[in-house]
Amino acid sequence: MSTSEPPPSHGSSASSSPHGAGALLELRKVTKTFGPVRALTDVDLSITPGGVTALIGDNGAGKSSLIKTVSGLWAPDGGEILWEGKPVHLHGPRDAEALGITTIYQDLALCDNLDIVQNMFLGHEPLRSHLLDEATMETTARATLKELSVTTVRSIRQPVASLSGGQRQSVAVAKAVMSQAQLVIMDEPTAALGVAQTTMVLELIKTLSSRGVAVMLISHNLNDVFEVADRIAVLYLGRLVVSAPASEFDRQSAVEYMTTGAAGRQSPAQSAA
Amino acid sequence: MPPDEEETVAETRGTTDTPAESRPSTAVTDDPTAAVLSDTELITVAPDVLAQSLGEYFAAWGRRIRNGESGALPIVVGLIAIVIFFQVEQSTFLSSSNLVNLFVEAAAYILFGAAEIWVLLLSEIDLSVGYVAGVGAFVIAELIAPPVGLPWWLGILGGLVVCGFLGWVQGTLITRLGLPSFIVTLGGLLGFEGVMLEIANIDKSAVGGVMSISSNSPVYNLVNANMSATLGWIALVVVIAVFAAVTLVGTARRRARGLSTGPMSVTILRIVVTAIGGFVIVLICNFNRGNLTTLEGVPWVIPFILLIILGYSFYLSRTRAGRYIYAIGANPEAARRAGINVARIRTLGFVMCSVTAGLAGLAYASRQGSISTDIDGGNLVLFGVAAAVIGGTSLFGGKGKMLHALLGGIVIAAVFNGLALMGVNAAIQDMATAVVLIAAVTLDSLVRRRATAR
C-alpha cells in the first residue's frame, strides 16, 4: 500500500456533502483500458460515509470494471482514487481491505462446509496459546449478527450449506462489518433471492448505512435501488453519465439513462459532468 | 438454493422469535418452531448443534440418517455385518488372537488412509504414498542398522524427514506450478519405487532387496511387543479419565459462557461409549493368546495409531492451518480472498500426507520384521484411498475426518483377515475385497443420492 498515512480510524471527520471534501472515496477521471477497449472512461464518483450509492447500468456498461478497480483487483490506467481525501494506489484486494473497503461478490465466497462463525473469521481467526479461540470467535460473531439484527439463523454453529440465500448474504455482510469495513461494495446482492429474503438484505443495507458504513450497491433491480439508495450513479458504455440523489430520479429516467446514456425529459442535473 | 416457501418460513420465524436468540443455547426445547425449521437445516446440521436434550439428539440423528446424511453409520453397520458373516463362517474370527492380529494388520491401512485424508480434504490425491512409505521404511531400516547404527528414534525421525521432503517436492510442484496432483504423484509412484530400489542396490547388506530389522529394536517391537496387562489397564483408565475430564469441563465451561454446545447427556454418552470401547479392546488384548508361552497385552502399535489419529484430529480442528485445509477443500477462491496463503497450506497437506505415509511404512516394516523392495506400493495407495472413502471422507474435498481412516482401515483389514481365515485363494480374495469396496461406496452414494433427490 502506498499511502503514507496509517489506515484512518473509523468514522473520521466526514461531512455529508456529496462532493469533494468529506467524501470517503472519490474517483477522479478514472480510466481503464484493455488494448483498444475502453472499459471505463473518465469516471468521477464520490461516496460519503453512511451513504448508499447504487451503481446501475446495462450489461457491459462497466459496473464490474468499476468494482474491480475500487476493490483493488485492477489498477486504473488513468485518473486518481482518493480515500478520505488522500490519493491511494491499490495494488491488490488486501490494500483495499486494509483501507476499509470490502467487496461482497455475487458468489459470496463462503465455505459451505464451515459453520457461520468459522466463515465469519476465515483468515482472521483469533488465537489463544496458538490454538483457535473458539469462545471469542463465537461471542463476537453472535454480537455482530445481533447488531445487524440477523436473527433468523437457528444456530451460529450450523454449516453455511444449510442456510438460505438471504442468510448467506447476511453472513457475508457480517463478515465485512466485523473487519471494520467503512465501505461495503455489494455486487447484485439480491439477484438470486426471493421476496422475503430480498427484504431481509435490503434491511441489512439500511442497518449498515445507519451505522455509518458506506454501501455501494450494484443492482439490476430498480425496486431495490429506489428502496435503499441515497444516490444513484448510472454507467453507460464505460462513462458515468449521471450521479445524483435518488430523489431526483424516477423509474422512467433511470431506465433511459441506463439504455441511452441520457434522459429524454428534463431530469436530474448532469452533476457528474 | 432452497425453494422460496422455506425462506419465507425462516423469515417469519425470525420476526417472531427474536427473544429466543438472546439465549440461543437454551432456546427451543419444546418450541413449535422445531417444526418450522427448513428441511435443509434439519438435515445438514449436526445433531449436537440443534438438539438440547438426549431425546432431541437421537431424533435429529434419526432424521439425518433417513435423509441420507448418514455419517459413519453405514460403515459401522457394514462392519458389524462383515464380522457376523466371518464369525458364522469361521468360529476363530472373533478369537482374541485373531482380533489382535486384525488390529495390527489394520495399522498400515489406517495410516495410509490418514495420509490420503490430508490431501483428500484439499480435494487432491496422492498416488505416491505406497512408495513414499517404502522409501521411508528403507531409510529407517538403514539408519538403525549397523553401519550407521543411529538410535531408533533418530532413525525414525530421519525416515520421516526424508518422507516429508518427498511430500514437499511433490506439493511444491503441484501448488506453485499448478500441475495436477494426479500426474505429479503418479510420477512419484514410479519415481519413488526407483529411489527405493536404488537404496537397496547401493546397500550390499540388503540381500535380495530385503533389509531386516533387528528384533531388539523398538522399531520391530512397535508391532511385535505388547504392553503388560497391568500397564494396558492403567493406560486405559488414565486415558478415559483424561478424556472425560477434558470433555466434561469443556462442555460445562462453554455452557457457562453461553456458547453453543450439545446436551450434557450426549457428552456423557460419548464418554461412556468410548470407555466401553476401550475396555473391550484392552480386554481382548489381555487374553492370553499364546500357545506354548504366555502372550498377552495390548500391542504398542494400537496406542501409537490412536495417538496419531487423535493428534491429527486435534490439529485439523483446533489450529488455523487445520481449518484452512477444510476451507481450501471446499472453496479455494473463498480461502484466497480471505487472505489465506493457499499454496502454503496445500503444500503442508502434501508434506503431512507423505510424513504419514512414512509412519505407515514404519508400521508395515515393523510387522514384517523387515522391509523388502517387494512392497506393493501401488496397491497400498489404493487401500489407503479406499480406507478413507469407506470411512466416509469425500473425494471432492472439504469433508472428512481422521476417524474415517480408523474405521475404513479396520473394515479393509477385517475383509482380508476373514477371507484368509476361510482359506480362500488369492484370486477369490481380490474379487471379494473389490466387491466389499464397491458395495461400501455404492451404499454410501445411493443413500446420498436419495438425499439430494428430495
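**The sheets of chain A**

Strand β3 (residues 52-57) and strand β11 (residues 231-236) of chain A run parallel, joined by 5 bridges. Strands pair when DSSP finds at least two bridges between them. Strands (E, at least two residues) and helices (H or I, at least four) are DSSP runs, numbered from the N terminus. Within this pair, A:Ile56 stands opposite A:Val234 of β11(A).

This is a predicted model, in which local features need pLDDT of at least 70 and side-chain atom pairs count only at pLDDT 80 or more, while totals for chains, interfaces and linings use all residues. Residues are numbered from 1 along each chain as its sequence is written, and chains are lettered from A and ligands numbered from 1 in the order in which they are written.

The β3-β11 pair belongs to an open sheet of 6 strands in chain A. Their order is β6-β9-β10-β3-β11-β12, with mixed pairing. β6 (101-104) and β12 (239-245) of chain A are the edge strands, each pairing on one side only. Neighbouring strands are turned by 15° against each other on average, direction ignored. Angles run from 0 to 180 degrees between N-to-C directions, with axes fitted to C-alpha atoms, for helices over the stretch in contact.

Helix α6 (residues 195-210) of chain A lies across this sheet, over β3, β9 (183-187) and β10 (214-218). The helix runs at about 150° to β10(A). A:Val184 touches A:Thr102, A:Ile104, A:Leu208 and A:Val215, among others, not counting residues up to four places away in sequence. Contact here puts the C-beta atoms, placed from the backbone, within 7 Å.

A second open sheet in chain A has 4 strands, in the order β2-β1-β4-β5, with antiparallel pairing. Its edge strands are β2 (37-47) and β5 (86-88) of chain A. The twist averages 30° from one strand to the next. Strands β1 (residues 25-34) and β4 (residues 78-83) of chain A share 5 bridges. Here A:Leu27 stands opposite A:Ile81 in β4(A). Helix α1 (residues 63-70) of chain A packs on this sheet, touching β1 and β2, at about 65° to β2(A).

How confident is the predictor? Chain A averages a pLDDT of 81, and 89% of the residues score at least 70. pLDDT is the predictor's confidence in each residue, from 0 to 100. Over residues 1-20 of chain A, pLDDT stays under 50. Residues 269-273 of chain A are also below 50.

Methods: Two residues are in contact if their C-beta atoms, placed from the backbone, lie within 7 Å.
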